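User: I am new to this structure and would like a close look at a single part of it. Could you pick one spot, go through it slowly, and then tell me about its surroundings?

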Amino acid sequence: MTIRVIIVDDQAMVRAGFAALLAAQSDIDVVGEAPNGKLGVEVSRSTHPDVVLMDVRMPEMDGLAAARAVLNPPPGVVHLPKVLMLTTFDVDDYVYEALRAGASGFLLKDAPPADLISAVRVVASGEALLAPSVTRRLIADFAKQRQAPRQDQSLRLNGLTPRETEVLVLIARGLSNQEIAERLVLAEQTVKTHIGRVLNKLDLRDRAQAVIFSYESGLVTPGEQ
């Protein structure tokens with residue numbers, strides 16, 4: 001199955017470079033480009049991509065506003081692509097807010113070409129793209145700014161079983177499915193099943209939102225290992 005991708009970035013050379021790299025892959029098809037967030041939303045709604053590569057800082061409409069528009073469309077718009085944020089900095093408040101809005105992860109614009117290709121495939125498959133070390137730093141930095149856990153988030157934790165809560169904690173600490181399986185002495189497929197139930201019970205879109213939820217609910221606190 002071919003992965004349909006659009007590239008939204010205000011730098012023409014970046015768009016061209018990414019497009020050439022991705023189009024060279026047999027399983028990826030670049031179906032559109034846009035130089036700003038406003039046009040990016042329009043292109044997304046007309047081309048129905050599987051993945052939107054979205055730059056964070058752009059004129060007219062920045063990547064955060066565009067990601068929100070794409071991921072929370074008006075009534076009648078049913079297509080919901082995955083959004084992968086592109087950023088120059090690995091710690092960025094725009095990226096954090098984009099993850100809260102439902103983006104599936106972020107990628108540094110100077111990442112190796114192989115990482116970009118892999119990122120598109122990972123996000124298209126339904127996984128979140130959050131490098132463990134960056135995940136902990138990014139979320140913890142912003143969690144520290146919050147005054148207290150959100151009560152409404154904390155109450156939602158009551159619906160989880162002890163094992164599901166344990167899995168959620170390990171997700172928040174940046175462990176992969178394989179690492180969680182090894183830590184809890186479970187089969188990796190069992191871990192995937194637990195994660196699916198956690199996301200369903202908490203009404204979360206993906207792993208990225210699960211990480212943020214864990215911090216905002218107070219389940220995990222900054223600095224914990």
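Analyst: Happy to! Let's start where helix α8 meets helix α10: Arg163, Glu164, Val167, Leu168 and Ile171 in α8 are in contact with His194, Ile195, Arg197, Val198, Lys201 and Leu202 in α10 (contact means heavy atoms within 4.5 Å). Sorted by class, this meeting place holds six nonpolar residues, one polar residue and four charged ones. Here Ala, Val, Leu, Ile, Met, Phe, Trp, Tyr, Cys and Pro count as nonpolar, Asp, Glu, Lys and Arg as charged, and the others, Gly among them, as polar.

A word on the source: this is a predicted model, in which local features need pLDDT of at least 70, side-chain atom pairs count only at pLDDT 80 or more, and totals for chains, interfaces and linings use all residues. Residues are numbered from 1 along each chain as its sequence is written, and side-chain values use heavy atoms, with hydrogens and water left out.

Back to our pair. Helix α8 covers residues 162-172 and helix α10 covers residues 188-202; their axes lie 9 Å apart, at an angle of about 95 degrees (axes are lines fitted to C-alpha atoms over the stretch in contact, and angles run from 0 to 180 degrees between N-to-C directions). The two helices are therefore roughly perpendicular to each other, a label for angles of 65 to 115 degrees.

Of its 225 residues, 48% count as buried, meaning under 20% relative accessible area with a 1.4 Å probe, protein chains only.

Two other residues are worth a visit. Aspartate 55 sits in strand β3, residues 51-55, and counts as buried because its relative accessibility is 5%. UniProt, in an unreviewed entry, places "modified residue: 4-aspartylphosphate" at Asp55; such annotations may be inferred rather than shown by experiment. Beyond residues up to four places away in sequence, aspartate 55 touches Val8, Asp9, Asp10, Gly63, Met85, Leu86 and Lys109.

Glycine 40 belongs to helix α2, residues 37-47, and is buried, with a relative accessible area of 0%. From C-alpha to C-alpha, glycine 40 and aspartate 9 are 8.6 Å apart, though 31 residues separate them in sequence.

Key
Helix = DSSP H or I, 4+ residues; strand = E, 2+ residues; numbered from the N terminus. Buried < 20%, exposed > 50% of the residue type's maximum accessible area, 1.4 Å probe, protein only. Parallel < 35°, antiparallel > 145°, perpendicular 65-115°, else oblique.
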